[in-house]
Amino acid sequence: MADSKFDTDSLPGVMSTAASDLQSLRPSLVENALTQALPLPDIMFGGAVLVFVIMFHAFWIRVITSSFLKHTSAMHVRASLWRADLLFTVTVMMLLALHLAEVVVWSAALIFGDIIADWSTAAYFAANCYTALGEPFSLPRAWRIVPPIIGISGIFAFAWTASVLVNFVSRYNDLRADILGRPSASQPARADNMAP
């Protein structure tokens, strides 16, 4: 083994160099840890798309609700059971179409954000995350927060739709009860209601 000499005179210079190297390293460590804990680009991207999806949902829920209310009000005057059933079916289909459109919005965001390469994969990924089934595959590490944000938007939208649907079912049941309780034109008038 070779004998090595340690120069004690150069120790203060080595220590000050090491200290300055650590000082310059510390901000990048903190920045790196913060970036890892809260990855700002995917939070900003996902948050912006989430706000757009919720505003999109708000607009179309308002349109669907006003259409349903307008048609149920008109049906109280003259309606049949099949028309009430058809109205409710069309309304539910419109709500389904709204959620599918929101999956398309997320798919477009994934495509135009260069996160996923093709439409079918983006739609499959967005639909799984939007319905809170989970990620069918992992995105690159830089975009790992986007799938939970897609899930959050789906949970918000489904909860909103569920609350609106409760109101629709109540009005639909009232409409059906009104139609069933009303005498039809084909029924003969009862004898006790006729004047002598």
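Q: With which residues is threonine 65 in contact, leaving aside its neighbours within four places in sequence?
A: This is a predicted model, in which local features need pLDDT of at least 70 and side-chain atom pairs count only at pLDDT 80 or more, while totals for chains, interfaces and linings use all residues. Residues are numbered from 1 along each chain as its sequence is written, and side-chain values use heavy atoms, with hydrogens and water left out. Threonine 65 has its place in helix 2, helices being DSSP runs (H or I, at least four residues) numbered from the N terminus. With contact taken as heavy atoms within 4.5 Å, threonine 65, apart from those sequence neighbours, is in contact with Val164 and Phe168.

Q: Does threonine 65 count as buried or exposed?
A: Buried means under 20% relative accessible area, exposed over 50%, and partly exposed in between (1.4 Å probe, protein chains only). Since its relative accessibility is 17%, threonine 65 counts as buried.

Q: How far apart are the C-alpha atoms of isoleucine 155 and cysteine 129?
A: Isoleucine 155 is part of helix 5, and at 52% relative accessibility it counts as exposed. Although isoleucine 155 and cysteine 129 are 26 residues apart along the chain, the separation of their C-alpha atoms is 10.0 Å.

Q: How many residues apart in sequence are the parts that the pair of phenylalanine 45 and tryptophan 143 ties together?
A: Rings of Phe, Tyr and Trp (its six-membered ring) pair if their centres lie within 6.5 Å, with planes under 30 degrees apart counted as stacked, over 60 as edge-to-face and the rest as tilted. Phenylalanine 45 and tryptophan 143 are edge-to-face, at 5.4 Å centre to centre and 65° between the planes. Because phenylalanine 45 lies in helix 2 and tryptophan 143 in the loop between helix 4 and helix 5, the sequence separation of the parts tied together is 98 residues.

Note on methods
Helix = DSSP H or I, 4+ residues; strand = E, 2+ residues; numbered from the N terminus.
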